[in-house]
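Here's a quick tour of one model, taken in two stops. Have the viewer open and follow along.

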Amino acid sequence: MNTSVMKSATTLPALPAAAPRRQRSPGWLLVSPSVAVLLLWMTVPLGMTLYFSLIRYNLLYPGENAFVGLENFEFFITDAGFMPGAINTLILVGSVLAISVVFGVLISALLEAADFAGRGIVRVLLISPFFIMPTVSALVWKNLIFHPVSGILAALWKLFGAQPVDWLAQHPLLSIVIIVSWQWLPFAILILMTAMQSLDQEQKEAARLDGAGPLAIFWHLTLPHLARPIAVVVMIETIFLLSVFAEIYTTTSGGPGYASTNLAYLIYNQALLQFDVGMASAGGLIAVLIANVAAIMLVRMLGKNLTDKS
Amino acid sequence: MADLKIRNLQKGFDGHAIIQGIDLDIRNREFVVFVGPSGCGKSTLLRLIAGLEEVSSGSIELDGREITDESPARRDLAMVFQTYALYPHMTVRKNMSFALDLAGTDKQEVERKVSEAARILELEPLLERKPRQLSGGQRQRVAIGRAIVRNPKIFLFDEPLSNLDAALRVQMRLELARLHKELQATMIYVTHDQVEAMTLADKVVVLNGGRIEQVGSPLELYNHPANLFVAGFLGTPKMGFLRGRVSALHADGCEVALDAGCTLRLPAAGTLDVGSPVTLGIRPEHLHRAPPEQAQLMVGTDVSERLGSDTYCHVRTDSEENLTLRVRGDFTCGYGERIGLTLDLDHCHLFDADGLAVARAVRQAA
Ligand SMILES: Nc1ncnc2c1ncn2[C@@H]1O[C@H](COP(=O)(O)OP(=O)(O)O)[C@@H](O)[C@H]1O
Ligand SMILES: [Mg+2]
């Protein structure tokens, strides 16, 4: 009798503990290789960047790799280019986001509503800029469109008897915003157009019976339906727009002065024009910090849309 | 008031005629069911009435007002869709008040109408929920509530129960019937399910290939189908059909020689000639098993289906025609046996070569 009581006392609590572990282990086992690779992928560069940011590391003075604490960070933040760079980054990201979301919604809504011959071709044309390399499109804009002598805009200005504008010199940031928007608006259109097609037709018909006109349907049905894809567009574009580089490099080189320098370009500037790897690493970490803050804020703002299933 | 008059209504998609000339009158407070096989144009007809499709030709009149080219919102009709079509990001309350809000109705009036509809449909505890937090039956009720608050002249339903499971469908069917009585509303209801048609309708409209086959009360259609299509479409199990020829004519009927090997004297008259081909239709409940010496027809048995209350025995005649007979639930036919049958001659339906019902003789035995 004693033994049987003992046995049940030992086996009973063991059971519930064992069952869930047995269920969980194969899953962990299966994902562990990719998790390990991803961890390596992330931690090694991050660790190296952290390390570089804490030492003196200038390519012009090899061997002088003394530990300098947070000096690199201090120099980066107090650098004359930092404030303009940070502000330009925010302006660039914000305005391209606004342009691609607003025009993306309008264009895809119009495209969905209109039924004309050649709609398929128009769709392809609208989306194609997204597939052009940033350097190529920036060069096209620089030499064929914005150029004060041979650009299309200059020709247009002259046609109306106006003095041609040197876009890249007089409005450098605006020019960059236009070029980058031209590349990223198609992405928004692609996502939003696809989402638009999944709007339930019967909902629209129900709304028509309820007395809603095209504008009311757009406002009360289409826009709420697009909330989630818009959130996706904003998130993905933010990630890529924070690191815009090629467009600046090929057109304005960040100038004049710091007028079109963003953080990514500033870091490049530190590392490879001034050969200060330590300071560039510090800048990189600060950029990561800013990107994370932006991402967390966006997730806070839009995350409800992403997790809510509508 | 809600009197709908449809005259010679036609609708084609890309040159294909889908609705081919419909004439129909729907009177105030009627529960009208459009029934027919899939793809026969029921939904299209309903959508034409609702104004969601443009009419190709013909006219629709509501209470003497021509609404053929009127916009859907101005027709004073409300529709309940098969997939409910609730607005997913609006609460139940907002879903129901949407039409009234758009029309700029007074806030208190809206509130009153929504609570009234919620009370009727027992939706009060759900008013602040979103559609995705509701079960199928609850969503269906919200969709109906959305129609009720608008107090439309006619309610239109397009297969509203087909997304529900069997038990819920039976329950919602009863609720709809109750709602019709309670609201004293005019309703048009589309379904491919003949049970819904038979149980709900005051008037059944049987559609086939974009045309009306027959209009009438459920029992009228069941007992006096106008043609082979209606006869075969209504009733489960289906009516059995036997081919034959008229062998003789009498003052009070005719004699039909069936291919299955028997000659019956039927109280049918009409314009039949001796020798003309006919089809005899008989429902499962009007076939009876009989000992061979009294049988009118000898058949071989196929499988049986036991439902508990009844058993359906599928049998095959010598002319390879299938019949079903309905017997008591505790009764089974063996498989591959030969049994004798008698036919209830007063309940036989006779169809001529064009598939049209032959009028019965005046003598109607009970
Ligand atoms: N918008 C449309 N364009 C082309 N054909 C359609 C359209 N709507 C319905 N049809 C055709 O009309 C026929 C009847 O459809 P419908 O009225 O939906 O049938 P059901 O009786 O099953 O409700 C079908 O053959 C369908 O293919
Ligand atoms: Mg249909």
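Which protein atom is 2.6 Å from an oxygen atom of ligand 1? Keep in mind that this is a predicted model. The atom in question is an N or O in the side chain of S43(B).

## Around ligand 1

The backbone gets involved too: a polar backbone atom of G39(B) sits 2.7 Å from a ligand 1 oxygen, and for a polar backbone atom of C40(B) the distance is 3.2 Å. Overall, the protein covers 58% of the 560 Å² of accessible area that ligand 1 has on its own.

The residues around ligand 1 include F13(B), I18(B), K42(B) and T44(B). By class, that shell splits into 5 polar, 3 nonpolar and 1 charged. The element giving the most to the shell is α1(B), with 3 residues.

## Where chain B meets chain A

About 1800 Å² is buried between chain B and chain A, with carbon and sulfur atoms giving 59% of that. Y87(B), H89(B) and R132(B) together supply 24% of the area chain B buries here, more than any other three residues. In residue terms, the contact takes 23 from chain B and 18 from chain A.

On the polar side, the count is 8 residue pairs in polar contact between the two chains, and there are 2 salt bridges across the interface. One of them pairs E205(A) with R47(B), with the closest N and O atoms 2.6 Å apart.

On chain B, the elements giving two or more residues to the side touching chain A are α1 (42-50), β6 (77-80) and α2 (92-102). The largest share, 3 residues, comes from α2(B). That side of chain B has 15 nonpolar, 4 polar and 4 charged residues.

Conventions: Residues numbered from 1 in each chain as written. Chains lettered and ligands numbered in written order. Predicted model: local features only at pLDDT ≥ 70, side-chain atom pairs only at ≥ 80, totals over all residues. Heavy atoms only, no water. Contact = heavy atoms within 4.5 Å. Buried area = accessible area lost by both parts, 1.4 Å probe. Salt bridge = Lys/Arg side-chain N within 4 Å of Asp/Glu carboxyl O. Polar contact = N/O pair within 3.5 Å; in protein donor to acceptor, adjacent residues only side chain to side chain. Helix = DSSP H or I, 4+ residues; strand = E, 2+ residues; numbered from the N terminus. Nonpolar A, V, L, I, M, F, W, Y, C, P; charged D, E, K, R; others polar. Near = heavy atom within 4 Å. Areas by Shrake-Rupley, 256 points an atom, 1.4 Å probe, with all protein chains shown as cover.
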